[in-house]
Amino acid sequence: ASAEAGIMKGRISIVFVIFVGIAVFQGCASRTIKIDPIPELKMGSPLAGVKPLTFKINEFEDLRPNKQQVGACRVGPRIELDEQKVPDIMTQAIANELKRNGHKILLPGEIVTADVIIDGIIRRYWIQSDNYAFSIKITGTAETEINVSSAQTTDKPLTKTYRGEYYYET
C-alpha cells in the first residue's frame, strides 16, 4: 500500500508541475502582438449629422516612455507591437470613425486642402495580462489628447482628453 501511495504521490507531483507550467505560460508565451486593421462600422454616430468635410489627420505625438512596449504579463514578458506604431493605430481608429460617417480623410503626408485638422498626444496605451490557474484577465487602457482646429482660421484648437478602458476575462 505504501509503494502505491508513493507512486500516486509522484504522479500527482508530475501533474502538478505540468499544470503550474501551463498556468504560468498561458497567454504570455508570445511577446509580440500584431494589431489587425480596425474595421469600419456600418452604422452612423453623432458625426453623421455634420455635413461632409475633409479632415486632415496629422501624426500623433507619442509621449509614452517606451514607444515599443504596450503592455506586460504579470508572470511573463513584456508585450510589444509587431510592426505597427501606436500613433498609426490611433490615426486609423479616428479615420475609420470619420469615414463611416461620410467624411473625407487625408492622412499624414498627404498635401491637399482640408477643412479640419486633427492631431494630438498619446499619453497612455497599455495592455495588462494577468494569468490565473483557470482564467486570464486582460485590461486595456488608452489616454489621448485630441486637438481639432479649422484649416481656414488661426483660432485656438478645441482640445479634449479622452480615456478609455477595456476589460476581458475568461
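Figure 1. The model is predicted, with an average pLDDT of 75 and 65% of the residues scoring at least 70. Of the 170 residues, 32% count as buried. Two helices and nine strands make up the secondary structure, in the order α-β-β-β-β-β-α-β-β-β-β from the N terminus. Among contacts between residues at least 6 apart in sequence, 71% join residues at least 24 apart.

**Figure 2. The segment formed by residues 6-27.** Over residues 6-27, pLDDT stays under 50. The model has 12 contacts for this segment beyond four places in sequence. Where pLDDT is low, predicted coordinates should not be read in detail.

**Figure 3. The largest nonpolar core.** This core has 17 residues. Phe55, Ile57, Phe60, Ile94, Leu98 and Ile118 are those with the most contacts inside it. Two or more residues each come from strand S2 (54-57), helix H2 (86-99) and strand S7 (116-131). H2 gives the most, with six residues. In soluble globular proteins, nonpolar side chains tend to be buried together.

**Figure 4. Surroundings of Ile57.** Leaving aside residues up to four places away in sequence, Ile57 touches Thr91, Ile94, Ala95 and Leu98, together with Ile105, Leu106, Leu107, Pro108 and Ile118. Ile118 of S7 also stands opposite Ile57. S2 and S7 pair in the parallel sense over three bridges.

**Figure 5. Strand S7 and its pairing with S3 and S8.** Strand S3 (residues 61-62) pairs with S7 in the parallel sense over two bridges, and Glu61 has Ile121 in S7 as its bridge partner. S7 and S8 pair in the antiparallel sense over 15 bridges. The bridge partner of Gly120 in S8 is Ile146. A hairpin joins S7 to S8 through four residues.

**Figure 6. Glu145 in strand S8.** Glu145 is found in strand S8 (residues 136-150). Glu145 counts as buried because its relative accessibility is 15%, the cut-off being under 20%. The side chains of Glu145 and Arg123 are joined by a polar contact of 2.9 Å. Apart from residues up to four places away in sequence, Glu145 touches Phe60, Asp119, Gly120, Ile121, Arg123, Thr159, Lys160 and Thr161. One of these residues, Phe60, is listed among those with the most contacts inside the largest nonpolar core.

Terms used: Residues numbered from 1 in each chain as written. Predicted model: local features only at pLDDT ≥ 70, side-chain atom pairs only at ≥ 80, totals over all residues. Heavy atoms only, no water. pLDDT = per-residue confidence, 0-100. Contact = heavy atoms within 4.5 Å. Buried < 20%, exposed > 50% of the residue type's maximum accessible area, 1.4 Å probe, protein only. Polar contact = N/O pair within 3.5 Å; in protein donor to acceptor, adjacent residues only side chain to side chain. Core = buried A, V, L, I, M, F, W, Y, C linked by side-chain atoms within 4.5 Å. Pairing = 2+ DSSP bridges.
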